[in-house]
Amino acid sequence: MSRLSGKVSFRVNAVEALENSSLRSAMSNATEVFSQRRSEAVASAPLDEWREIASQTRLMVLDNLPHYVDLFARNATAAGAVVHRARDAESAREIAASLLKDRCIRKIVKSKSMVTEEIHLNAHLEALGFKVVETDLGEYIIQIAKEGPSHIIVPAIHKNRQQVGKLFSAILGCDYSEDPTVLTKIARRVLREEFLSADAGMSGANFAVADTGSLVIFTNEGNGRMVTTLPPVHIAVLSIEKVIPSFADLPKFMRLLPRSATGQSLTTYMSVITGTRKPGQSTGAKELHIILLDNGRSHIAQGPCREILKCVRCGACMNVCPVYRLVGGHAYASTYPGPMGIILTALLDGMDRAETLLDATTLCGACGDVCPVKVPLPSLLRYLREMRTDLGLTPVTEQGAMKAFGIAVQSPSLFHMGQSLSHTLWPLARGTVRGVLERLPKPSQKPFRKRM
């Protein structure tokens with residue numbers, strides 16, 4: 001599996017994020033816009049019916065995952081692609097590096113791919129001397145800022161236009177502008193040269209169609225098609241659960257994914273790539289290599305959290321999560337933030353590293369309500385919290401406090417005493433738990449039961 005070093009300190013990260021006013025403003029504005037757009041996009045759609053069909057399709061794949069992965073690999077090979085199996089992050093990185101070295105490739109242009117973020121592919125390739133250029137505008141912004149993505153759909157969601165303008169001026173040497181149109185044109189001018197001079201293109205995939213061996217890529221920028229058609233070599237890295245049975249299953253996801261992700265009825269570009277460039281065609285890769293990454297997913301598919309693998313990476317759960325909307329993605333210190341990210345990080349990186357992320361949820365249930373494939377996110381979060389408790393990973397003070405609370409609520413007299421003491425102890429408690437209790441309402445001097 002892809003193991004990151006060090007334990008996530010979510011509470012510390014969250015306090016720092018909450019003190020960043022520009023971050024909070026950017027996050028509030030962006031997530032509000034996406035949530036509103038989603039609500040408008042699904043208002044007239046038979047959403048419950050679509051979600052149920054999509055959920056059942058994804059479950060069918062998980063029930064027969066080895067079969068569908070093998071079927072996809074056979075049909076992709078028959079169409080001219082070369083399929084590589086990667087057991088974990090290290091083997092995926094080695095396969096990609098070997099393919100590039102063997103072909104004397106030095107420059108790679110990439111479209112947005114969260115799975116390559118998961119395996120830290122860019123850093124690995126750059127350490128070997130390759131030049132890797134992210135071409136999605138958001139990914140390009142955070143790459144030159146030397147940051148990771150803060151959202152799986154909108155990587156630079158945490159930055160405002162003023163920050164991007166200063167970044168472009170400092171790194172690209174252009175005149176400062178905070179006009180989004182001007183900034184986009186600057187990026188397009190720079191990236192166009194990268195597209196034309198690249199030796200290879202690298203992408204992920206939203207879906208892999210088993211019965212044809214096709215890759216399906218959704219984008220809202222033309223970079224996805226430039227990456228996959230201009231360079232002579234195309235390397236696609238995708239995780240095994242991206243497989244769907246057939247093209248007949250694709251329309252339901254075409255309707256659901258854009259609506260959930262960005263509030264669009266259809267995504268701007270949908271590319272279907274089946275094999276290599278055919279005779280008579282002027283574009284398309286002459287070589288297509290597909291790296292199918294497991295990285296623990298076969299194990300997850302057999303366990304109690306298997307339904308997280310239904311996730312189609314739309315980001316809707318992040319946009320409605322009251323925690324994510326306040327602190328942003330970097331506070332999670334993992335590839336995947338938000339509700340789905342908490343679960344995936346715990347499963348991929350291990351509970352010992354990720355257990356503090358389980359504090360990053362109110363269990364309000366909003367994430368489950370908006371998931372287009374009905375991943376039971378609240379149930380999975382509760383299950384992992386129970387696991388954390390069973391493993392004894394919660395702080396000793398918290399364990400003692402919860403045990404004391406459990407005893408107190410079983411005794412009316414003890415509970416009444418606790419209510420009476422809460423107002424007296426409040427100043428002391430506020431001074432010991434920075435950034436948490438001061439944001440909670442002060443206990444009433446006269447509890448509700450006395451007023452009644």
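In this predicted model, six strands form an open sheet in which the pairing is parallel and the order is β1-β10-β7-β4-β2-β3. The edges of this sheet are held by β1 (82–86) and β3 (131–134), each of which pairs on one side only, and the twist from one strand to the next averages 20 degrees. Within the sheet, strand β7 (residues 233–239) and strand β10 (residues 287–293) are joined in the parallel sense by 7 bridges, with V237 standing opposite I291 of β10. Helix α4 (residues 65–78) lies across β1 and β10, and its direction makes an angle of about 150 degrees with β1.

A further open sheet consists of 4 strands in the order β8-β5-β6-β9, and here the pairing is mixed. Because β8 (243–244) and β9 (269–273) each have a single partner strand, they stand at the edges, and one side of each is left without a neighbour in the sheet. Strand β5 (residues 207–209) runs parallel to β8 and is joined to it by 2 bridges; V209 has I244 in β8 as its bridge partner. Helix α12 (residues 250–261) lies across β5, β6 (214–219), β8 and β9, and runs at about 20 degrees to β6.

Turning to the side chains, the structure holds 20 salt bridges. Side chains of opposite charge can pair when their charged atoms come close. One of the salt bridges is formed by K7 and E355, whose closest N and O atoms are 2.6 Å apart. This pair links distant parts of the chain, since K7 belongs to the segment before α1 (10–18) and E355 to the loop between α17 (351–354) and α18 (366–370), 348 residues apart. With a relative accessibility of 46%, K7 counts as partly exposed, whereas E355, at 5%, is buried.

A salt bridge also brings together the side chains of R325 and E32, at 2.7 Å from N to O; R325 lies in helix α15 (residues 324–327) and E32 in helix α2 (residues 21–42), 293 residues apart. R325 is partly exposed, with a relative accessible area of 21%, and E32 is likewise partly exposed, at 42%.

In another salt bridge, the side chains of E287 and R103 meet at 2.7 Å, again from N to O. Because E287 lies in strand β10 and R103 in the loop between α5 (89–102) and β2 (107–110), the pair ties together parts that are 184 residues apart in sequence. E287 is partly exposed at 28% relative accessibility, and R103 is partly exposed at 31%.

How values were computed
Residues are numbered from 1 along each chain as its sequence is written. This is a predicted model: local features need pLDDT of at least 70, side-chain atom pairs count only at pLDDT 80 or more; totals for chains, interfaces and linings use all residues. Side-chain values use heavy atoms; hydrogens and water are left out. Two strands pair if DSSP finds at least two bridges between them. Contact means heavy atoms within 4.5 Å. Axes are lines fitted to C-alpha atoms, for helices over the stretch in contact, and angles run from 0 to 180 degrees between N-to-C directions. A salt bridge is a side-chain nitrogen of Lys or Arg within 4 Å of a carboxyl oxygen of Asp or Glu. Buried means under 20% relative accessible area, exposed over 50%, partly exposed in between (1.4 Å probe, protein chains only).
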